[in-house]
Amino acid sequence: MSVKRDSFSVSITVGAYGSAFGAAAVAAHFSVLQACMLSLLLFSGASQFAVVGVIAAGGTPINAIATSTLLGTRNGLYGLRLAPILKLRGFKRIVAAQITIDESTGVALAQNSESDMRKGFWYTGFGVYIFWNLFTLAGALGAQAIGNPSAWGLDAAVPAAFLGLLWPRLSDRKSWVLAGFAIVLALTLTPFIPAGIPIISCTLLAVIIGWRK
Amino acid sequence: MSAFWIAVIGSSALAFAIKFIGASVPQTFLSNPRILRINTLIPVALLSALIAVNTFANKTQLALDNRALGMAAAVVLLIAKAPFPVVVIGAAMTSALAYRYI
């Protein structure tokens with residue numbers, strides 16, 4: 001059945017990428033337990049990398065939380081879109097909320113019937129959850145076993161992961177322009193204000209550029 | 001509680017709150033096109049800033065080092081349509097080689 005096949009291939013591919021997160025987290029001095037807790041509890045790739053990336057850049061926890069939360073707002077909008085299809089209530093709503101991410105939403109919305117959409121959501125959500133967490137643990141243990149993160153290139157794995165997440169979003173001229181401005185603004189502010197704030201300041205650029213059609 | 005734990009627990013709690021609210025509020029809420037447009041642009045702005053800072057800065061100092069070469073490799077791999085894990089591993093390997101030999 002193709003929903004199952006789609007869900008499985010997305011789950012394993014995206015899940016495997018959890019090893020990059022586990023390794024990056026440990027390279028940024030998070031413990032293996034903290035890396036695993038982020039994957040179990042936060043469970044949203046870009047937001048998890050943001051927590052690690054902001055702390056690695058010397059930002060405060062509040063800054064890390066704010067950046068990660070702003071990156072996670074889209075999950076709320078996914079929920080808004082999916083809730084009428086999934087017909088959620090009670091405990092089921094809690095479980096569905098936790099696994100509402102890019103991939104479960106993407107596979108669900110790619111289906112043609114409502115029943116296939118529900119299957120796509122649950123299969124992909126659970127599939128990614130399981131593999132993402134297993135690979136996070138593997139990556140974190142792997143990074144813990146090796147010594148200096150720079151010697152293994154783990155310091156470049158974090159921005160490369162961000163780039164991999166950004167790439168598919170650069171779909172039009174507007175997003176390219178925004179990306180360019182954000183890079184310039186973040187680097188211009190870096191020497192002058194506390195670490196972490198240059199990153200979150202770029203939210204303003206998204207508001208300015210998104211204001212007009 | 002350490003800064004790391006505060007970041008882990010705080011961000012996890014808010015992430016779940018957003019997901020749960022999204023699954024609970026009526027659909028008409030937040031469906032203003034301007035909010036939707038800004039919301040799709042926020043990840044672009046934040047991810048770009050995160051890339052810049054994690055590649056070209058150490059805390060509050062700008063830096064050009066092995067990470068920049070790693071990122072150059074990542075860009076080449078993405079243009080060549082390489083899959084996600086290959087991009088990350090390619091960037092890490094390039095950066096590690098640069099760290100060792102430059």
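A crossing of two helices is left-handed if the near helix is turned anticlockwise from the far one by less than a right angle, and right-handed if clockwise. The model in these views is predicted.

**View 1. Helix H2 of chain A packs against helix H9 of chain A.** H2(A) covers residues 18-27, and H9(A) covers residues 154-166. H2(A) passes H9(A) in a left-handed crossing. The angle between the two is about 125°, and their axes are 9 Å apart. On the H2(A) side, look for A:Ala20, A:Ala23, A:Ala24 and A:Ala27. They meet A:Leu154, A:Asp155, A:Ala157, A:Val158 and A:Ala161 of H9(A). By class, this contact has 8 nonpolar residues, 1 charged residue and no polar ones.

**View 2. Helix H9 of chain A also packs against helix H4 of chain B.** Here the angle is about 145°, with the axes 8 Å apart. H9(A) passes H4(B) in a right-handed crossing. H9(A) brings A:Leu154, A:Asp155, A:Ala156, A:Ala157, A:Ala160, A:Ala161 and A:Gly164 to the contact. H4(B) brings B:Phe84, B:Val87, B:Val88, B:Ala91, B:Ala92 and B:Ser95. Of these residues, 10 are nonpolar, 2 are polar and 1 is charged.

**View 3. Chain B meets chain A.** The contact takes 84 residues from chain A and 65 residues from chain B. Five elements of chain B each supply at least two residues to its side: helices H1 (3-24), H2 (33-56), H3 (66-79) and H4 (84-101), and strand E2 (61-62). H2(B) gives the most, with 20 residues. The chain B side has 43 nonpolar, 16 polar and 6 charged residues.

**View 4. Chain A has two assigned domains.** Domain 1 of chain A spans 2-154, and domain 2 of chain A spans 170-213. Their C-alpha centres are separated by 24 Å. The contact takes 10 residues from domain 1 and 6 residues from domain 2. Helix H5 (residues 61-86) of chain A supplies the largest share of the domain 1 side, 5 residues. That side has 5 nonpolar, 5 polar and no charged residues.

**View 5. Chain B is also assigned two domains.** Domain 1 of chain B runs 1-28, and domain 2 of chain B runs 29-101. The C-alpha centres of these domains lie 24 Å apart.

Definitions and conventions. Residues are numbered from 1 along each chain as its sequence is written. Chains are lettered from A and ligands numbered from 1 in the order in which they are written. This is a predicted model: local features need pLDDT of at least 70, side-chain atom pairs count only at pLDDT 80 or more; totals for chains, interfaces and linings use all residues. Two residues are in contact if their C-beta atoms, placed from the backbone, lie within 7 Å. Helices (H or I, at least four residues) and strands (E, at least two) are DSSP runs, numbered from the N terminus. Ala, Val, Leu, Ile, Met, Phe, Trp, Tyr, Cys and Pro count as nonpolar, Asp, Glu, Lys and Arg as charged, and the others, Gly among them, as polar. Domain bounds come from an automatic or database domain assignment. Axes are lines fitted to C-alpha atoms, for helices over the stretch in contact, and angles run from 0 to 180 degrees between N-to-C directions.
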